Amino acid sequence: MSEKQRVLITGGTGYIGGRLSKHLVDCGWTVRVGSRKTRAQVLDLFGPVVEYASYDASNSRISLESLLRDCDSVIHLAGMNAASCEEKSKEAIEVNVKATERLLEASHTHSIRRFIYVSTIHVFGSPLIGNLAEDKKPNPSHPYGKTKAAAELITATADSHSMSTIIVRLSNGFGPPLSILSSCWELVVNDLCRQAITKRRLILYSSGKQLRDFVPLSAVTRGIEQLLIITPRATGNIFHLGNGLPISVKEMAKLIARRCESLFGYKPPLNCGNTPKASPNFEFATKGILETGHEPQINIEDEIDETLRFCKKYL
């Protein structure tokens with residue numbers, strides 16, 4: 001699928017979806033944004049450069065015909081986040097699992113050629129330990145990870161000659177959102193950038209020794225675009241998008257403080273808690289995406305800078 005065609009992005013106005021929609025439009029794709037927002041809200045966010053389609057994953061009775069009509073590919077991002085899944089576990093099954101199944105069935109009916117399901121590192125449970133390869137069996141412990149793992153299985157089963165399915169697992173993405181209203185400020189890097197600008201200090205209620213695989217959203221959007229154009233493999237169409245080099249939350253906080261000093265002339269002090277004392281090591285393997293010839297171009301500092309500038313401008 002080397003030719004840039006029409007792609008539907010469900011959850012296309014969300015944190016990741018918004019950035020991905022803009023990236024693909026900028027790269028010449030025709031993007032249809034599926035969203036619970038109104039047409040006016042979507043056009044206010046993107047302008048007339050995207051197509052609009054109403055989509056609510058929690059509504060099992062809606063018709064998917066207008067959503068999928070004339071599309072070549074689907075990137076499925078719509079769903080409930082970790083906090084919502086914990087609060088409403090039954091609803092999470094409906095939205096994250098059953099809605100994915102309905103969309104897959106409709107995509108096959110409407111001759112969609114590629115279906116990309118966006119999953120998460122959290123299918124491996126908590127704490128993350130050892131080599132997390134693409135072929136490692138998921139072992140989720142949280143309702144969010146459990147629903148994502150279930151939707152992965154449904155997606156993999158739907159793969160066929162006429163519609164290739166791809167599962168992409170993301171690690172800890174960070175970076176500026178497309179809109180200030182985006183629900184992204186609970187993410188640790190984004191929160192620390194916000195603290196650096198609005199409070200001029202950084203507070204971690206933990207020790208900061210927890211290891212995370214932080215990946216810039218700019219690298220995520222480029223990686224997902226690569227998965228739109230590759231030739232599907234006969235087996236193993238699961239890909240990881242991450243940094244591959246986990247670092248501690250504390251070290252990331254220190255880097256944010258240094259970047260703030262470089263950009264704005266002051267270095268916010270960092271205060272940390274006492275627990276946990278240690279964190280198990282892990283590696284989020286990204287062999288699959290590298291084998292496609294993709295060059296990730298991961299630049300942590302650039303994404304931190306853009307996030308700090310966003311906070312300075314809008315918060």
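C184 is buried, with a relative accessible area of 0%, where buried denotes a relative accessible area under 20%, exposed over 50% and partly exposed in between, for a 1.4 Å probe and protein chains only. The model is a predicted one, in which local features need pLDDT of at least 70 and side-chain atom pairs count only at pLDDT 80 or more, while totals for chains, interfaces and linings use all residues. Residues are numbered from 1 along each chain as its sequence is written, and side-chain values use heavy atoms, with hydrogens and water left out.

A disulfide is a covalent bond between the sulfur atoms of two cysteines. With a disulfide taken as a pair of cysteine sulfur atoms within 2.5 Å, the structure holds 0 disulfides. C184 is accordingly in no disulfide, and the nearest cysteine sulfur, that of C311, is 8.2 Å away. For C272, the closest cysteine sulfur belongs to C193 at 15 Å, which is too far for a bond. In contrast to the buried C184, C272 is partly exposed, with a relative accessible area of 30%.

The protein contains 11 helices and 15 strands; these are DSSP runs numbered from the N terminus, helices being H or I with at least four residues and strands E with at least two. The radius of gyration, taken over C-alpha atoms, is compared with a globule rule of 2.2 Å times the number of residues to the power 0.38. For 315 residues, a compact globule would have a value near 20 Å, and the 19 Å of the protein agrees with this. Along the principal axes, the C-alpha atoms fill a box of roughly 55 × 40 × 40 Å. Of the 315 residues, 50% count as buried. Contact is defined by heavy atoms within 4.5 Å, and of the contacts with a separation of 6 or more, 77% are between residues 24 or more positions apart.

Most residues other than glycine have a negative phi, and most peptide bonds are trans. The S126 to P127 peptide bond is cis, with omega near 0°, and P127 occupies the loop between strand 5 (114-120) and strand 6 (130-132). A cis bond with omega near 0° also joins T275 to P276, the latter in the loop between strand 14 (270-272) and strand 15 (282-284). Positive phi values occur at D70, near 70°, and at S111, about 60°. D70 lies in the loop between helix 3 (65-68) and strand 4 (73-76) and is exposed at 58% relative accessible area. S111, in the loop between helix 5 (89-109) and strand 5, is exposed at 55%.

F282 belongs to strand 15 and is buried, with a relative accessible area of 5%. Its C-alpha atom is 5.8 Å from that of N131, although F282 and N131 are 151 residues apart in sequence. Beyond neighbours within four places in sequence, the contacts of F282 include I121, L128, I129, G130, L132, L211, R212, D213 and P246.
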